[in-house]
Amino acid sequence: MTESVLRGAPAFCVEIWGLLCKVLLHPRDLSHVERGFKGLAQLAGTWLMLSACGVVAEQPDPTTGLVEQAARCWLTLLCLRCLPTDPSVPLMEYAWYWLDDSGRWIEYGEEHPDHCSATVTSEHLEKKFLANQKGTVLFRAGSQKYELNFEDMVQTNVIYQTQRRVARLPMFLSSQGGLDRCQNINLSCSVCPPHWDQSALPDIGFELVQLSYTSQEYGKIKRLFEKTMKAYYIHQLQRIQNPTLWQVFQWQKEQMKKLNKLKWVDERLLFHGTSPSHMPAICEQNFDWRICGTHGTMYGKGSYFARDASYSHEYCSPRSGRYSMFVANVLVGDFVQGNPEYLRPPLKASNSNRLYDSCVDDPTDPSIFVIFEKHQVYPAYILEYSIEARCMIL
């Protein structure tokens with residue numbers, strides 16, 4: 001960069017420029033970066049033009065630190081199209097996203113309550129991209145077929161020709177020497193799932209949000225429930241929004257990934273039946289096997305979760321003719337055959353310092369899971385139902 005561009009630039013701008021030069025970018029990209037950085041330095045305090053990705057952010061007061069935040073955001077977004085090719089430059093891991101109608105970035109291959117999962121994952125797309133950065137990839141999501149174009153960064157519905165924006169984002173950014181590693185980039189402004197009701201996010205505790213029976217999220221839980229409970233009618237399904245428990249659950253998931261040296265942890269939606277009197281405490285503080293496990297400890301002294309709602313129904317108590325049951329996100333991880341004497345999962349044979357993550361009734365086809373660490377569970381929904389059919393006026 002020329003001295004004229006750096007003159008008068010804030011210290012953090014110089015720092016970012018050095019980071020770009022020494023860590024993130026191949027020298028062939030520096031002229032492109034210089035043009036964008038020059039605009040950043042000159043326009044700080046009014047509008048920040050993120051020219052590399054066509055993003056504009058308003059910055060009315062440069063003294064508030066927002067300019068610096070936006071600059072680092074610009075640096076992150078710039079990495080969408082910058083790929084280090086010098087062997088001396090450390091490579092970063094990338095994730096791939098598409099933009100839905102609500103302005104939410106959805107990662108490829110990840111389950112989402114409002115969208116069908118794609119048949120490709122971030123890892124798969126990254127391999128294809130590295131092999132040919134001007135190529136295309138065909139994939140499916142539900143009944144629809146799509147083509148993703150790497151050069152244009154768009155996905156196109158093969159039949160209807162509708163298009164969606166695509167983004168390739170780094171999983172992390174490393175500073176010089178790798179001493180200060182930034183956290184994984186969160187595309188949402190909130191630490192909570194983007195489909196949560198943003199008006200019902202308490203600082204402490206939880207809020208219950210009733211779901212519409214027409215939503216995909218409702219339909220997904222209904223289908224799981226009716227696999228073994230077809231004779232029962234669902235009166236309502238409420239989403240439990242507890243930001244504190246959600247953050248702890250996500251932290252636990254990341255720890256399990258690191259311990260197992262995996263990018264993926266076995267996570268399942270499972271049912272849990274209990275007394276209505278216990279439900280508020282579970283929504284607030286999570287499951288406690290000392291309360292929830294009072295009905296039996298056949299596979300260990302922990303909290304029990306079932307694949308089949310019919311099993312959990314046996315532990316539900318009716319109130320005014322209606323039953324209530326939890327549906328939980330459970331990190332089952334690596335599981336093993338349970339035992340009534342277990343106070344925790346047994347040690348893995350391959351590593352005497354490592355434990356299994358959960359115990360089950362049958363390792364070959366598990367339907368009952370025992371969790372000993374409550375951070376492996378997030379109470380996601382309360383399902384209220386009865387055996388009575390709904391009265392309809394024709």
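How many residues has helix 7, and what distance separates its first C-alpha from its last? This tour answers that at its second stop.

**The whole chain.** The model is predicted: local features need pLDDT of at least 70, side-chain atom pairs count only at pLDDT 80 or more, and totals for chains, interfaces and linings use all residues. Residues are numbered from 1 along each chain as its sequence is written, and side-chain values use heavy atoms, with hydrogens and water left out. Display the chain as a cartoon: its secondary structure comes to ten helices and 19 strands (DSSP runs numbered from the N terminus; helices are H or I of at least four residues, strands E of at least two). Of the 394 residues, 45% are buried (under 20% relative accessible area, with exposed over 50% and partly exposed in between; 1.4 Å probe, protein chains only). The chain exposes about 21600 Å², of which carbon and sulfur atoms supply 51% (Shrake-Rupley method, 1.4 Å probe; for residues, only the protein chains shown count as cover).

**Helix 7.** Select residues 243-260. Helix 7 has 18 residues and spans 26 Å from first to last C-alpha, close to the 26 Å expected (1.5 Å times one less than the number of residues). Colour its buried residues, among them Trp 246, Phe 249, Lys 253 and Met 256. An α-helix has 3.6 residues a turn, so residues three or four places apart point the same way. Step just past the helix to Lys 261, where phi is positive at about 55 degrees.

**Helix 6.** Select residues 216-226 next. Glu 217, Tyr 218, Gly 219, Ile 221 and Phe 225 are buried here. Their cover includes strand 10 (233-241), strand 11 (267-273), helix 10, strand 13 (323-331) and strand 19 (377-386).

**Ser 312.** Move to helix 10 (residues 309-313), which contains Ser 312. Is Ser 312 buried or exposed? Ser 312 is buried, at a relative accessible area of 2%. Its side chain reaches the backbone oxygen of Phe 271 at 3.2 Å. Beyond neighbours within four places in sequence, Ser 312 is in contact (heavy atoms within 4.5 Å) with Phe 271, His 272, Gly 273, Ala 306 and Met 325.

**Val 158.** Finish at the loop between strand 7 (154-157) and strand 8 (163-170), where Val 158 is found. Val 158 is partly exposed, with a relative accessible area of 36%. Show the surface: Leu 138, Val 158, Ile 159 and Tyr 160 make a nonpolar patch of about 450 Å² (residues with over 30% relative accessible area and no salt bridge; nonpolar side chains, Val, Leu, Ile, Met, Phe, Trp and Tyr, are joined within 5 Å, like charges within 9 Å). A salt bridge is a side-chain nitrogen of Lys or Arg within 4 Å of a carboxyl oxygen of Asp or Glu.

Definitions and conventions:
Polar contact = N/O pair within 3.5 Å; in protein donor to acceptor, adjacent residues only side chain to side chain.
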